[in-house]
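Please read the following report alongside the sequence and the 3D view.

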Amino acid sequence: MPTADPAAKLRSRRNAVLKGSAYVLILAAIGLSLLAAAIGGDWERFPPAHYAPSVEPRRPGQEHLISSGVFAVGRLWLLSDSGELWALDQDAQEPVKIAAPGSVMGLCVQQGAPIIASQDSAASGWKLMRWNKSGWIEIVSEPTIGDGLVAITCEPDRLTLITSRRMIEFEGLTRHAVTLSNRIPSKLPAVVLTTPARLFVGLNVGEWGGGLQTIDRRTGEVRRLENRAASDPCGGPLNSDCDPVNGIAVSPWKPGCVLAAVGLVHATARGRLVEVCDADIETAYSEPCSGADSPNCSMPFFGLMAEDDRVLAVSPKGVVSLGRDGRAEHLPAPLFKWRGPFEVAFEPDYVLVKTSINQQRSLSGMTPLLIRR
C-alpha cells in the first residue's frame, strides 16, 4: 500500500481549517447584521457605548470637562460630563458647587430660571427640576425605559427630553411623546436647536465626525442632513463621517434656514459654517488657517449664536461676526480670567468658557464654549 504524501495531508488539513473559519466568519457577519438591525441604523457609525444612559465617572480635573452652560438669574451655570453643576457670579472669584438630587444629565434655561434633568442612581428615571431661591423644585418625572438622554431643551412654554429612542414634550400638564425612527447616540456632546416643526441635533464624535440630524416634532422621523463629495471621503460642506457639529443657530437673513458650526482639531484643524435650507446645504463661511503648512487647514468653530442681523461664531483664535453680506469681522480677543478651576471671559452679550470636553475624542486641547447671556 503506497504511503500518503505528507504535503498532501498538510494541504488537506489546512483547507479544512480555512473552510471552518469561513463558516465562523459568515455566521458572525450574519449575527452582527441582525444585531445592527435590532438596535437601529446607526450601529455602523457609533458603537454601543454611545447609547449608554450613564454619565462619565467622576475623576480629578473633571471641572475642565464642561459639556454645557447657561446664563440665568445673573449667574453662569456650568455642567460637567460627570453630572456635576457649578454656579459663578460675574464678580466672584470662586464658583459654587450646586447640589442636586442624582446626577445632572442636562441643563437649559426657561423664563430666566435654570432647568435640569436629573437621573437617579438606579438610572430608572429623570426628573425635570427648576431652580428658585430655596433650591430645586420638581416639575415632572419620566421613566428612562432603558434610554440614554441626548439633551433637554427649553422653550418659553415647553420642555423637551430628547432620548436615544424618544422625544418627550411637556407643555403645562400635557405630555406628548413620539418614538424616533432611528436611534440617536446619547453619550456624546450634543447641541440642539428647536423650531416650531423640527428639532436640529448636532453631534460631536471628534475625529469620527458626528454631523447634523433633524427630528420631525409630529412624527419622530429622524433624518440625517448631509452634502458629501463623492471623490473625497471627508469632502463636502457637511459630512457626518468627518464633521463634528458644535453649534446651531437660526439664520438671521434666510427664513427657514439654519447655520451649523463645524470644528475639529486633530492631525490638523478643519472647520466651517454651513448653511442648511432643507436639502440645500452649502458652506456659508470658511477661513484658511493663518501661516499653516497644510493647504487643507481651515478655522474650526466650536460655538454659534444668532444676534439681530449677524451671527457670532467662536474659534480657538476668538470670535468672528458674520453679516448678511457674508463679510466676517474678527472681534477683539476676549480677556479670559481664572475663576477657581475655570477660565472664563464675560462679554456683554455672551460668556466664553474654556473646556477640554473635545479632547476626549480628538487632540483639540482646550476649546471655547459659547454661552448666551
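## Contacts and burial

Of the contacts in the chain with a separation of 6 or more, 46% are between residues 24 or more positions apart, a contact being heavy atoms within 4.5 Å. Buried residues, those under 20% relative accessible area with a 1.4 Å probe and protein chains only, make up 49% of the 373 residues.

This is a predicted model, in which local features need pLDDT of at least 70 and side-chain atom pairs count only at pLDDT 80 or more, while totals for chains, interfaces and linings use all residues. Residues are numbered from 1 along each chain as its sequence is written, and side-chain values use heavy atoms, with hydrogens and water left out.

## An open sheet

The chain has 1 helix and 28 strands, which are DSSP runs of at least four residues (H or I) and at least two (E), respectively, numbered from the N terminus. Four strands form an open sheet in the order β17-β18-β19-β20 with antiparallel pairing, where pairing requires at least two DSSP bridges. Its edge strands, β17 (245-250) and β20 (280-285), each pair on one side only.

## Aromatic pairs

There are 5 aromatic pairs in the structure, with ring centres of Phe, Tyr or Trp (its six-membered ring) within 6.5 Å, and planes under 30 degrees apart counted as stacked, over 60 as edge-to-face and the rest as tilted. Trp-77 and Trp-131 are edge-to-face, because their centres lie 5.4 Å apart with planes at 65 degrees. Since Trp-77 lies in strand β2 (residues 75-80) and Trp-131 in strand β7 (residues 125-132), the pair ties together parts 54 residues apart in sequence. Trp-77 is buried, at 0% relative accessibility.

Note on methods:
Buried < 20%, exposed > 50% of the residue type's maximum accessible area, 1.4 Å probe, protein only.
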